[in-house]
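Student: I have a model open and would like to learn to read it. Can you take me through its features one by one?

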Number of protein chains: 2
Amino acid sequence: MTIDDTPGKGTTPSSAHEIERYGGLFARRTRGMTSSAMRDMMAVTARPEVISLATGLPDTTTFPAEDFAMLMSRVAVDSSAAALQYGPTDGLEDVRKCIVQVMAAEGTIVETDDVMVTTGGQQVIDLVCRAFLDPGDVVVAEAPTYPGAVPCFNSYEADVVQIEMDEHGMRIDLLEETLERLRLEGRRPKFIYTIPNFQNPGGVTMPLDRRKELVRIANERELVILEDNPYGLLRYEGEALPTLYSLDGGRYVIYAGTFSKILSAGLRIGWAAAPAPILERLNLGKQAADLCSSPLNQYFVVEYFKQRDWRRYLDELRGIYRRRRDVMVAALEEFLPHETTWTVPQGGLFVWAKLPDYIDTTDLLARALREHVAFVPGRAAYLDGRGGSEMRLNFSGVGDDDIREGIRRIGKIVSEQVALYGTLTGAKPAPRKAAEPAVEGQVVPLRRREAS
Amino acid sequence: MTIDDTPGKGTTPSSAHEIERYGGLFARRTRGMTSSAMRDMMAVTARPEVISLATGLPDTTTFPAEDFAMLMSRVAVDSSAAALQYGPTDGLEDVRKCIVQVMAAEGTIVETDDVMVTTGGQQVIDLVCRAFLDPGDVVVAEAPTYPGAVPCFNSYEADVVQIEMDEHGMRIDLLEETLERLRLEGRRPKFIYTIPNFQNPGGVTMPLDRRKELVRIANERELVILEDNPYGLLRYEGEALPTLYSLDGGRYVIYAGTFSKILSAGLRIGWAAAPAPILERLNLGKQAADLCSSPLNQYFVVEYFKQRDWRRYLDELRGIYRRRRDVMVAALEEFLPHETTWTVPQGGLFVWAKLPDYIDTTDLLARALREHVAFVPGRAAYLDGRGGSEMRLNFSGVGDDDIREGIRRIGKIVSEQVALYGTLTGAKPAPRKAAEPAVEGQVVPLRRREAS
């Protein structure tokens, strides 16, 4: 990461002398722990002049402030003392009822006892690592994978094996090959981490047949799957697909959900659904981690589900994000040189773009920040240094005009790089075709354009 | 723990077959992870007929519901979108300014950059373990220690060495002996965990000379101290003492604070103050753990400090808790047999009682629950099975009458046990002296009564 020109609090480099003082004391795991690209980005995005396509922020300006005030007043009137108090580690029964509703909306039937409340979806990943990983244990993940999971896997000294994706998500043939190789090496993976819907950062979705295959493999090989589904309800076209959890019937799949993308990320309320013996281990881990998730925020969720139609707000969000996705895809068509490809996601928050191999997106980011635009460089989504020419672009957190302007600026610096490469090597840039904006409702999972 | 008659959610025992399914997959650390006694208690205390002296609950009924509603309305008006959004991992600058104020009230001068916001004080313990502990590493703690730290230490496979306390807290002579023994064994402790003020559960406070000694030892031996100070501002008599952090000058001490006991536990907002290189590692750990603590709740803290005099509410709490402590001590004098001793804390939330050796408080709890009264059995505060005849009694979470009635019930079953022991062994119970209620303002750190 070369974004050191914008140090955030706590990332200020300490003097060598200071670090040395504690050198012998820090745990081995801290050697592999580097700051998540997304977190570093928070400092950048705080500057108003920067158009940030980097972080995965939902648009919280759409939530009416008067609703917020009204709901909190109700919490105060009905549950002040309980909201301000410690709560059960598993979460309030009433929140778990809301979670049952949300999961049912994607066709996944659970009971409140199958579910525990967590401090955001991120904590599910952390607690699953805590329950399953000894140092050196294998985790299988997609390539690329959620950049926020990378520091978590590193924190538990996991040996992460990443499986290539195509336009249908994780390639099951490569997964089976890899599992077989690991078996022969005597290394049993503890779990497979996957985001089947509108993958972060890849933007692709796993179809039904591949989901069934994945669940079959987990059952056959007695492997746990961690299904991370923060965006499932943010689908802009096409039919909802069954969750791995529902296909598995609650044997080998741990499901991670969150209110961050359908209500508010600031609440830090997520959940895990899992088989009982696993849920017990996650609960023990949570006792150690933070005792319980904020009861105040849990009461807010409960009141929201009581007083408002949560599906209506979701419809509104879907409308906004669908349009923004279309704006981004159109801008990519207009401004990015022809050597570039990107995914057109059916939902979620992210587009994943691939630039020519000779462009390093980590270097490019430094240039982009000078133009006051930010993205997540691809390396953040790999644990093995790959992804150097890739980038993640978020379309949920900024308005239409800023998306277009942000992509225009990125297009400008990428085009300069392409031109520079051409000058140095004598290669000619690909001829431009007329822009083909994505048609709403049309499913174009992966758009590839070949350089001529 | 024999409180299985009240299983909480997630502690429901799974079938052997189910557990076996994942047997080979769970991490080694899960073998040492057992449910914290306090957490199990949450299910019990939820039953209205039970007088719980078990959990360390602040009295949140004292916080005016109308203030809660008013403050949240202000957050909604001024900061709705930001409160509902992700925030920086280190916490909002404005909350860190409030933390600077709170620490200054105990004479500890820090800057906002010395501080990071956490998801309750519990998360500080977790993040410090994450930054420092490899499996098998030594942690030095007090005997007894905070029961909530026990599952955390186990979760990181720490080798916890507990140092006996007297009425002045951790015995420094024994600490030095132990550190020397560990040095000879080639085992370097990573940190010393201590609660110098109104220790949980011991109820004792470390005087100035011992604090200075402890800091000197940490500097000489290059050891980190984790100073946990959730109750420092809840002092009911005597003069405030300097924190270890202030005595050390920010070299080897990590300070853990929280708004849980001075404002609300339901917010789950605490903090760490630490030297910069340590703060960086804690920040990296927090990125993996939960990305950030609820911005909504952080804005609530900021608004509270802006709109209200936080010291006034604290004064009110101190008045209530001081009286409850006195009620509890008077009830112990009245109802407990003479073979019992207990601490009279100058502040905080807990009294620590020692019963005759032949009484096992874990067994006693089962009887107590039948009488609808609960406490934390002493073993929860040790990692080595000690504490079998000790118990922690909380006086902050229940009203005066319930404290008295709760202690009466405990006194009754303890007296029965003493009488039964006398019958079986021929020993006579100690003659009763007239009750000597604690005088307000009088410092009686440890009251010992000898059986005649």
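Tutor: Gladly. Keep in mind that this is a predicted model.

Student: Through which surface do the copies meet?

Tutor: Compare the interface residues. In chain B, 100% of them are also interface residues in chain A, so the copies meet through the same surface.

Student: Now the sheet. In what order do the eight strands of chain B lie?

Tutor: Strands of a sheet pair through backbone hydrogen bonds, either parallel or antiparallel. In chain B the order is E2-E9-E8-E7-E6-E3-E4-E5. The sheet is open and its pairing is mixed.

Student: Which strands stand at the edges?

Tutor: Strand E2 (115-118) and strand E5 (169-170) of chain B. Each has a single partner strand, so one side of each is left without a neighbour in the sheet.

Student: How many bridges join E4 to E5 in chain B?

Tutor: Two bridges join strand E4(B), residues 159-166, to E5(B), and the two strands run antiparallel. In one pairing, B:Met165 has B:Met170 of E5(B) as its bridge partner.

Student: Which strands does helix H8 of chain B touch?

Tutor: Helix H8(B), residues 208-221, packs on the sheet and touches E4, E5, strand E6 (189-194) and strand E7 (224-228) of chain B. The direction of H8(B) makes about 145° with that of E7(B). Now take helix H10(B), residues 276-289, which also packs on the sheet. H10(B) touches E2, E7, strand E8 (253-258) and strand E9 (270-273) of chain B. The direction of H10(B) makes about 25° with that of E2(B).

Student: On to single residues. Is B:Thr205 buried or exposed?

Tutor: Use the cut-off: buried means under 20% relative accessible area. B:Thr205 has 9% relative accessibility, so B:Thr205 counts as buried. Its place is in the loop between E6 and H8 of chain B.

Student: What does B:Thr205 touch?

Tutor: Leave out residues up to four places away in sequence. The contacts then include B:Glu167, B:His168 and B:Gly169, along with B:Arg211, B:Arg235 and B:Gln346. B:Phe198 is also among them. The backbone nitrogen of B:Phe198 lies 3.0 Å from a polar atom of the B:Thr205 side chain.

Student: Next, the backbone. Where is the cis peptide bond in chain A?

Tutor: Look at omega. The cis bond joins A:Ala143 and A:Pro144, with omega about 0°. A:Pro144 lies in the loop between strand E3 (138-143) and helix H6 (149-155) of chain A. In chain B, the bond from B:Ala143 to B:Pro144 is cis, with omega near 0°.

Student: And phi? What value does B:Glu157 have?

Tutor: A positive one, about 50°, although B:Glu157 is not a glycine. B:Glu157 lies in the loop between H6 and E4 of chain B, and counts as buried at 18% relative accessibility. B:Glu222 has a positive phi of about 55° and is not a glycine either. B:Glu222 lies in the loop between H8 and E7 of chain B. With a relative accessible area of 38%, B:Glu222 is partly exposed.

How values were computed: Residues numbered from 1 in each chain as written. Chains lettered and ligands numbered in written order. Predicted model: local features only at pLDDT ≥ 70, side-chain atom pairs only at ≥ 80, totals over all residues. Heavy atoms only, no water. Contact = heavy atoms within 4.5 Å. Pairing = 2+ DSSP bridges. Helix = DSSP H or I, 4+ residues; strand = E, 2+ residues; numbered from the N terminus. Axes fitted to C-alpha atoms, helices over the stretch in contact; angles between N-to-C directions. Buried < 20%, exposed > 50% of the residue type's maximum accessible area, 1.4 Å probe, protein only. Polar contact = N/O pair within 3.5 Å; in protein donor to acceptor, adjacent residues only side chain to side chain.
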